[in-house]
Amino acid sequence: MTRELLTNIGQLVTNASAGDAAAGDAATGIDRLGIISDAAVLIDDGRIAWVGQATDAPAVSPAETVTGAQGRCVIPGFVDSHSHIVFGGDRAAEFEARMSGQKYSAGGIRSTVAATRTASDDDLRARTSGLLAEMLAQGTTTVEIKSGYGLTVADEARLVRLAVEVTEEVTFLGAHVIPAEFADRPDDYVDLVVGEMLDACAPEAKWIDVFCETGAFTVEQSRRILSAGAARGLGVRVHASQLGPGDGVRLAVELGAASVDHCTFLTDEDVAVLAGSTTVATLLPGVEFSTRQPYPDARRLLDAGVTVAIASDCNPGSSFTSSMPFCIAVAVRDMGMAPAEALWSATAGGAAALRRDDIGRIEPGAKADLVQLTADSYVHLAYRPGVPLVERVWKNGVLARREDEIRS
Ligand code: NIG
Ligand code: FE
């Protein structure tokens, strides 16, 4: 049994309802953070065993570790509930052209598909490992990873397998785009996805996702694919309303999806349907930043009572950032979120999008995934954009070393 008492925490963000009563302020979202000042946390065998004021902390034996947090802010590890980090090549040239005036289109995915198909397993592992290390250094302790750059039965199965090596949150995204060789017969590709490809990927994946968008999959094709995945026991997630309004959000809610992601172009009906559902709206600030699109309106969703998550969507095309603090800063600056709301969405919101209650919060029983900031307040995550504010990260109760990666 390995116990560690983390004490002298100036500000502890628990995301639990039982924080300092005085800290509650619904207008700024602070009441959601369950803040405890002058706090301590007891970690026991990878889990949180106790949380409270440092003065009330349980006694630990001399053989156990006591770590001082130097009065700093400690938050739950970020839950990045949307990424595509198993891929070959990059698309820096496409990004440069876009920043010189070209528009983003779903078709760019095909160039990463070509580079991924020719990469070896070890090439792909090396790329994924590098990104996981970046993520951990920036405070991400759980990451969801999608396939979707293989688009053959063998390559999709390979990407799912490589993702399973590093995370339990693996999503089969065979329906990312129609691959070039099926351009004239998209429904034949859908047949393949719901047939042989699903047979190969469903046993290892946890989720199924579809890019439901003009230029990718229609709502009818998406319904067919997602329903086939659900029938095989996969949870449903959807990419929708990224490039324009569409029927994807309503489809996601109809199918009881855990999350519908992007949500950049929502109709009033979409917002109302989401508000009446258990589907989380996952917003991806890096995408609009990197494609020069208008940002999604988080305020409109929050005011309607929708549960909002923030994720990186780390991928080589639309959002090549691995940084959740960056996403928080953008969400606060440009999407109408208060700093507390953005932090909640990047931790507890991500956990909700993955239907997990053991991560995204610092409460007894939860996994001991914690981040100590260099600052004494979480507000700095948005207030000091681009600054490396993550001082220490515990994953499953173990203090990460610089060279570590996330593996959950
Ligand atoms: O989430 N929207 C679809 N898929 C990715 C983009 C992938 C790419 O451009 O390679 C996304 O933005
Ligand atoms: Fe995505």
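Me: Which residues of H11 meet which residues of H12?

Reply: The model is predicted: local features need pLDDT of at least 70 and side-chain atom pairs pLDDT 80 or more, whereas totals for chains, interfaces and linings use all residues; side-chain values use heavy atoms, without hydrogens or water. Residues are numbered from 1 along each chain as its sequence is written, with chains lettered from A and ligands numbered from 1 in the order in which they are written. Helices (H or I, at least four residues) and strands (E, at least two) are DSSP runs numbered from the N terminus, and contact means heavy atoms within 4.5 Å. On the H11 side the residues are Met-324, Ile-328, Ala-331 and Val-332, and they meet, in H12, Pro-339, Ala-342, Leu-343 and Ala-346.

Me: How many residues of this contact of H11 with H12 are nonpolar?

Reply: Ala, Val, Leu, Ile, Met, Phe, Trp, Tyr, Cys and Pro count as nonpolar, Asp, Glu, Lys and Arg as charged, and the others, Gly among them, as polar. In the contact of H11 with H12, no residue is polar and none is charged, and the number of nonpolar residues is 8.

Me: What is the orientation of H11 and H12 to each other?

Reply: Axes are lines fitted to C-alpha atoms, for helices over the stretch in contact, and angles run from 0 to 180 degrees between N-to-C directions. H11 and H12 (residues 339-353) pack with axes 9 Å apart at an angle of about 140°. Angles under 35 degrees count as roughly parallel, over 145 as roughly antiparallel, 65 to 115 as roughly perpendicular and the rest as oblique. The orientation of H11 and H12 is therefore oblique.

Me: In which kind of crossing does H3 pass H4?

Reply: H3 (residues 121-137) and H4 (residues 153-164) pack at about 45°, with their axes 11 Å apart. A crossing is left-handed if the near helix is turned anticlockwise from the far one by less than a right angle, and right-handed if clockwise. For H3 passing H4, the crossing is right-handed.

Me: How many charged residues does the contact of H3 with H4 have?

Reply: Asp-121, Leu-124 and Arg-125 in H3 meet Arg-158, Leu-159, Arg-161 and Leu-162 in H4. By class, this contact of H3 with H4 has 3 nonpolar residues and no polar ones, and its charged residues number 4.

Me: What is the phi of Asp-313?

Reply: Most residues other than glycine have a negative phi. Asp-313 is buried (under 20% relative accessible area, against over 50% for exposed and in between for partly exposed, with a 1.4 Å probe and protein chains only). Although Asp-313 is not a glycine, its phi is positive, at about 55°.

Me: Is Leu-136 buried or exposed?

Reply: Leu-136 is found in helix H3. Beyond its neighbours within four places in sequence, Leu-136 is in contact with Thr-141, Val-393, Ala-400, Asp-404, Glu-405 and Ile-406. With a relative accessibility of 2%, Leu-136 counts as buried.
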